Amino acid sequence: MSAVSTARRSVISEAVAPWSEIAQLLRGGEAGTLVPVIIPRHRRRLWWLLPLWFGVFALLTGVLLSAGDSDGLTGAARDSLAALSYVLGFLALLVGGLWWWRSSIVEIEQGTNGVLTRYGAVTRTLDPGRHYLWHPWSRVEFVVDTATEIPYSAPVMACPTQENVPLRSIEFFLKFRITDAVLFVRTIGAGNFDLVLSSAVQDAIRQRARRMRTERAYDLRGSDVADMQELLNRQLSRYGVRITGCNIPDVQLPAQYQQHLATRERVAKERAAYDQEWGLTRKRRIDSLQMDIERAKKVRDARIVEVKAALNRAREEVAQLLEEQETNAQRVRFEIETRGRSGLIAAENEARAQRRLAQAYRDNRAVLQYELARRRLEVGATLAGSAPRPVVVRTDGAGGGDTSALSTLLTAQLLPRLAALPSAQPAPRSAGAADGEG
């Protein structure tokens, strides 16, 4: 089906055409008219009955001629006429049969359905393809396009809005498809469906426009019309038609109001331009600020890197100093430990030597004491052997001795002389004994 211009209303009608023009009319219409239904111009006539009746008559004639007397020339002529009648009868029956077969062929176009009638009553629908109608009074009454989505344009003029301002026109475009061919052709037909569809579309558009304000009339363009499609489907389903899609492509306002809207649009465009310019200026300022911020961030990052580097260097220096101090401390500790260990070893050696010396001293002292005791005994024995004899001068008169003064004087003079006499020399002492005494 060709696209119909939305500048004027589409017209739906049916056409009478021969079988050869059905496809062209269904796909292209006629002078901008939508033709979903074609009434075929039938080629079926009952002329094929004439050769059939003639053949039957010729066969009966031949039978009658064969039944007569066949003697003589008359019989030969009857036989010849009978044979000729048989031949003509068979030929007539063959021609009538071929004529009947050829006239019973019906080809239904792809995407369409044929409505088959018998004696004027609808019997069934024919699918696309070749069919044979052997009954003489069976014929395809209608060929209905049931596969194509047919576009339909319905402009609504002088449609008032909520403020009762009549809009110049509202273009409404829809697509419909015939789902039940028999219900469509028998209930309403193509011509009547055009009026019903136009009235339903205008009513739906006017109801929608009544709910819109005039300044928002342009919002109807491309708006959601699912509710209108559902309403039209409820109204047209009884005719075997289903709306597959619809929209509002254009809305035209009155000239004066259009100028007013043009002024508003110009102001809106100027405002949009100013907003855009301000947005660009704002964006430029924001970009410059962001650049400054990024630059400051880079400077901050560089300084942070420098501070971190200085901190790392300080940490390295501190770590180095700590390592040096720790090394020095460890060296001093090692020296102290070495000196202490050497002192300890020396003290231990000295203590060991002192202990050994004490041990030796104890041993030597016991020996020396023994030797000294022995020496003392020897010296005592020597002294005892060479000691002077004591002179006992009795001056007390208890024994009856001389106690005169002369004897006393003589004794006093003799005692020093006796003391001066040489006595026995003692034996020499050994060095060990001297050390023991000391």
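**Exercise 1. In which helix is the place of Asn 233? Then decide whether Asn 233 is buried or exposed.**

Solution, step by step:

1. We are working with a predicted model. Here, Asn 233 sits in helix α6, which covers residues 226-236.
2. Next, take the relative accessible area of Asn 233, which is 18%. The cut-off for buried is under 20%, so Asn 233 counts as buried.
3. Now look for its partners further along the chain. Leaving out residues up to four places away in sequence, Asn 233 touches Arg 242 and Ile 243.

**Exercise 2. List the buried residues of α6 and work out why they line one face of the helix.**

Solution, step by step:

1. The buried residues of α6 are Met 228, Leu 232, Asn 233 and Leu 236.
2. Look down the axis of α6: these buried residues fall within an arc of 135 degrees, so they line one face of the helix.

**Exercise 3. Find which residues make the nonpolar surface patch of about 670 Å², and say which helix gives the most to it.**

Solution, step by step:

1. The patch is made by Phe 54, Phe 57, Leu 81, Leu 84, Val 87, Leu 88 and Leu 91.
2. Assign the patch to helices: α2 (49-67) and α3 (72-103) each supply at least two of its residues.
3. Of the helices, α3 gives the most, with five residues.
4. Leu 81 is found in α3, and its relative accessibility is 45%, so Leu 81 counts as partly exposed.

**Exercise 4. Step back and describe the chain as a whole: how many helices and strands does its secondary structure come to, and what share of its residues is buried?**

Solution, step by step:

1. The secondary structure comes to nine helices and eleven strands.
2. Of the 438 residues in the chain, 26% are buried.
3. For the contacts, take those between residues at least 6 apart in sequence: 69% of them join residues at least 24 apart.

Definitions and conventions
Residues numbered from 1 in each chain as written. Predicted model: local features only at pLDDT ≥ 70, side-chain atom pairs only at ≥ 80, totals over all residues. Heavy atoms only, no water. Helix = DSSP H or I, 4+ residues; strand = E, 2+ residues; numbered from the N terminus. Buried < 20%, exposed > 50% of the residue type's maximum accessible area, 1.4 Å probe, protein only. Contact = heavy atoms within 4.5 Å. Arc of directions from axis to C-beta. Patch = residues over 30% accessible without salt bridge, like charges linked within 9 Å, V, L, I, M, F, W, Y side chains within 5 Å. Areas by Shrake-Rupley, 256 points an atom, 1.4 Å probe, with all protein chains shown as cover. Salt bridge = Lys/Arg side-chain N within 4 Å of Asp/Glu carboxyl O.
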